[in-house]
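Here is a colleague's note for someone opening this model for the first time. Please keep the structure in view while reading.

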Amino acid sequence: MPTLTHNEYLEALVHEFMGSPANDNAMPTGPEAAFDTPLIGFAAGGDPIWEQIKAEAATNHWTPLEAFRLAYPEEEATADDLSVVSWVLPQTAATREDQRRATLYACERWIRNRYVAQVRVVDELARFVIGRLDADGVKAASPDLLPEWKRFKDEKFTISSLWSHRHAAFAAGLGTFGLSDGLITKAGKAMRCGSVVVRLKARPTPRPYSGYNDYCLFYNSGLCGKCVKRCPCEAITLAGHDKNKCSDYLDNVVTPAIAAAYPDIAGAYGCGLCQAAVPCENSIPPRPPKSVRRELEKANI
Ligand code: SF4
Ligand code: SF4
């Protein structure tokens, strides 16, 4: 093992892969980066936040230990032996700029990023990290790449899954959820994220927030709601994000439209219009000062 702290070592692995030619958006026009510089955070395997996520966000969500035991049933491990390393991969300025102009369907860069780069970059980054750790004798697993992982309909939370990278990023101090359900990070919510459970003790990243929605202007100031207007199928309202409506639009409208426009990636799936042309696109939107909020409230804005 190199003479780095566990955090530095894991960060170096993520940066090595993302700084390589593998970080490519598969555009027909030639090589171009799929993602900007990653944000990286860490959470302890024994952090009570994992039970909190089960109770408050996704009943069947695995804890890091549950995921690790599925990957390595023969290993004796406790929650405190484990850490979760989480990364946020920000969309590039070129992708965001195109996506801001899109109104009914995502732009081509976004779609190729969601469909091709998801497999070749996002999933492959996890495999790269796991492979390099394995070569150093450290066991690791990406929960969503395990055969047992699934997405399902949950009575309480509608569409849910056994491991959510966005919730892992929340646990790892990287961001909080917005009205549209996207995770608002320092690099905004136009991003993809990933996470790996590692049998290493990394120093946890402090969470500079206390609630699930602290960075969203709607929840922290009663303002904004721009994502509501960006959604072409009214899946976002001031009551939140209707995952079923969103999913139906993607299945029945977006996927056929993408197949017609880009036959080489027929079957591609993705929208993300609510992640661009909004104040939380590429940063945490600054909360207006109290005096301004009071004025806006008075004016009923
Ligand atoms: S666009 Fe506004 S309301 Fe929607 S998630 Fe971002 S900050 Fe919140
Ligand atoms: S992904 Fe598209 S359909 Fe779904 S909520 Fe966002 S804008 Fe609406």
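Predicted model: local features only at pLDDT ≥ 70, side-chain atom pairs only at ≥ 80, totals over all residues.

1. **Ligand 2.** Around ligand 2 are Cys231, Pro232, Cys233, Ile236, His241, Cys246, Tyr249, Cys271, Gly272, Leu273 and Cys274. This shell has nine nonpolar and two polar residues. No charged residue belongs to the shell around ligand 2.

2. **Helix 2.** Helix 2 spans residues 49-56. Which of its residues are buried? They are Ile49, Trp50, Ile53 and Lys54. These residues lie on the same side of helix 2, because they cover an arc of only 150° around the axis. The cover over them includes strand 1, helix 3, strand 2 and helix 6.

3. **Helix 3.** Helix 3 runs over residues 64-71. Pro64, Leu65, Ala67 and Phe68 are its buried residues. Their arc around the axis is only 160°, so they share the same side of helix 3. Among the elements covering them are helix 2, strand 2 and strand 8 (191-198). Helix 3 in turn is part of the cover over the buried residues of helix 2.

4. **Helix 4.** In helix 4 (residues 93-101), look for Thr95, Arg96, Asp98 and Gln99, which are buried. Why do they fall on the same side of helix 4? They do so because their arc around the axis is only 165°. These buried residues pack against helix 5 (108-135) and helix 8 (226-230).

5. **Asp98.** Asp98 belongs to helix 4. Is Asp98 buried or exposed? Its relative accessibility is 18%, so it counts as buried; the cut-off for buried is under 20%. Leaving aside neighbours within four places in sequence, Asp98 is in contact with Cys107 and Arg109.

6. **Val84.** Val84 is in strand 2 (residues 83-90). Its relative accessibility is 0%, so it counts as buried. Not counting residues up to four places away in sequence, Val84 touches Gly41, Phe42, Ala43, Trp50, Pro64, Trp163, Ala168, Ser195, Val196 and Val197. Val84 and Ala202 are 118 residues apart in sequence, yet 8.2 Å apart in space, C-alpha to C-alpha.

7. **Phe170.** Find Phe170 in helix 6 (residues 165-171). It is buried because its relative accessible area is 2%. What does Phe170 contact, leaving aside its neighbours within four places in sequence? The partners are Ile49, Gly175, Thr176, Phe177, Leu183, Arg207, Tyr209, Gly211 and Tyr212. Gly211 is 41 residues from Phe170 along the chain, and their C-alpha atoms are separated by 9.9 Å.

8. Please check the backbone at both residues. Ala26 has a positive phi of about 60°, although it is not a glycine. Ala26 is in the loop between helix 1 (6-18) and strand 1 (39-44). It counts as buried because its relative accessibility is 19%. Glu234 also is not a glycine, and its phi is positive, at about 55°. Its place is the loop between helix 8 and strand 9 (236-237). Glu234 counts as exposed because its relative accessibility is 58%.

9. **Leu4.** Leu4 is in the segment before helix 1. At 39% relative accessibility, Leu4 counts as partly exposed. Leu4 and His15 are eleven residues apart along the chain, and 14 Å separates their C-alpha atoms.

Methods: Residues numbered from 1 in each chain as written. Chains lettered and ligands numbered in written order. Heavy atoms only, no water. Buried < 20%, exposed > 50% of the residue type's maximum accessible area, 1.4 Å probe, protein only. Helix = DSSP H or I, 4+ residues; strand = E, 2+ residues; numbered from the N terminus. Arc of directions from axis to C-beta. Contact = heavy atoms within 4.5 Å. Near = heavy atom within 4 Å. Nonpolar A, V, L, I, M, F, W, Y, C, P; charged D, E, K, R; others polar.
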